[in-house]
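Try each task before reading its solution.

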Amino acid sequence: LRNMFVTLVYGRLTLSTGALEYCNAGHNLPLIIRTDGDISFTDKSKGIGLCLKADFEYRQQTLQLSQGDTLFMYTDGITEAVNSDGVMFGEENLLDVVRTHSDSEVASLIESVRDEVEQYVGNEPKSDDLTLMALRYVG
């Protein structure tokens with residue numbers, strides 16, 4: 001299994017403060033959906049996949065969540081899903097769907113993204129897993 005590797009985001013949320021300490025080992029950048037409507041990717045420094053470089057030092061980062069903010073994570077199977085024209089779903093389509101459904105409950109947000117990706121792909125074979133996770137901080 002050459003050219004296979006594992007990515008990971010590890011985090012620890014302090015429930016009393018909303019402080020999220022995390023480290024990204026080559027995984028897609030999570031989205032933060034703020035209650036004021038701002039949607040952005042977390043810090044652009046995502047490191048490299050696990051065990052690809054023996055002496056690589058992963059960087060711990062901190063993100064402050066406020067009451068009602070949502071952390072949205074996904075695997076590359078979402079953004080790299082390909083339609084019948086060979087075009088990937090991509091980050092822009094993902095952002096559009098998340099913007100449209102950002103006020104939804106997290107289960108509905110996840111379902112909306114999954115449905116949009118499946119509609120985009122149509123009958124094309126899936127080339128990767130489609131994994132989604134959303135966490136809303138209720139304070």
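## Exercises on loops and helices

Keep in mind that this is a predicted model.

**Exercise 1.** Find Asp 69 and decide whether Asp 69 is buried or exposed. Then find out which side chain makes a polar contact with the side chain of Asp 69.

*Solution.* 
- Step 1: Go to the loop between strand S5 (60-64) and strand S6 (70-74), where Asp 69 is found.
- Step 2: Look at the accessibility. Asp 69 has a relative accessible area of 2%. Buried means under 20%, so Asp 69 is buried.
- Step 3: Follow the side chain. The side chain of Asp 69 makes a polar contact with the side chain of Arg 34, at 2.6 Å. The side chain of Asp 69 also reaches the backbone nitrogen of Ser 66, at 2.8 Å.
- Step 4: Look around. Leaving aside neighbours within four places in sequence, the residues in contact with Asp 69 include Ile 32, Thr 35, Leu 135 and Tyr 137.

**Exercise 2.** Stay in the loop between S5 and S6 and turn to Gln 67. Is Gln 67 buried or exposed?

*Solution.* 
- Step 1: Gln 67 has a relative accessibility of 59%. Exposed means over 50%, so Gln 67 counts as exposed.
- Step 2: Beyond its neighbours within four places in sequence, Gln 67 is in contact with Thr 35, Tyr 137, Val 138 and Gly 139.
- Step 3: Zoom in on Val 138, whose backbone oxygen is reached by the side chain of Gln 67 at 3.4 Å.

**Exercise 3.** Locate Asn 83, and find which backbone nitrogen lies 3.0 Å from a polar atom of the side chain of Asn 83.

*Solution.* 
- Step 1: Asn 83 sits in the loop between helix H1 (76-79) and helix H2 (90-101).
- Step 2: With a relative accessible area of 12%, Asn 83 is buried.
- Step 3: The backbone nitrogen in question belongs to Val 87.
- Step 4: Setting aside neighbours within four places in sequence, Asn 83 is in contact with Tyr 120, Val 121 and Glu 124.

**Exercise 4.** How are H2 and H3 arranged relative to each other, and which residues make their contact?

*Solution.* 
- Step 1: Picture the axes of H2 and helix H3 (residues 106-121). The two axes come within 10 Å and cross at roughly 140°.
- Step 2: Name the arrangement. Angles over 145 degrees would count as roughly antiparallel, and H2 and H3 are therefore oblique to each other.
- Step 3: List the residues. H2 brings Asn 93, Leu 94, Val 97, Val 98 and His 101 to the contact, while H3 brings Leu 109, Ser 112, Val 113, Glu 116 and Tyr 120.
- Step 4: Sort the residues of this contact of H2 with H3 by type, which gives six nonpolar, three polar and one charged.

**Exercise 5.** Go to Gly 77 in helix H1. What distance separates the C-alpha atoms of Gly 77 and Thr 131?

*Solution.* 
- Step 1: Gly 77 and Thr 131 are 54 residues apart along the chain, and their C-alpha atoms are separated by 7.4 Å.
- Step 2: Check the surroundings. Leaving aside neighbours within four places in sequence, Gly 77 is in contact with Asp 128, Asp 129 and Leu 130.
- Step 3: Finish with accessibility: at 3%, Gly 77 counts as buried.

Definitions and conventions:
Residues numbered from 1 in each chain as written. Predicted model: local features only at pLDDT ≥ 70, side-chain atom pairs only at ≥ 80, totals over all residues. Heavy atoms only, no water. Helix = DSSP H or I, 4+ residues; strand = E, 2+ residues; numbered from the N terminus. Buried < 20%, exposed > 50% of the residue type's maximum accessible area, 1.4 Å probe, protein only. Polar contact = N/O pair within 3.5 Å; in protein donor to acceptor, adjacent residues only side chain to side chain. Contact = heavy atoms within 4.5 Å. Axes fitted to C-alpha atoms, helices over the stretch in contact; angles between N-to-C directions. Parallel < 35°, antiparallel > 145°, perpendicular 65-115°, else oblique. Nonpolar A, V, L, I, M, F, W, Y, C, P; charged D, E, K, R; others polar.
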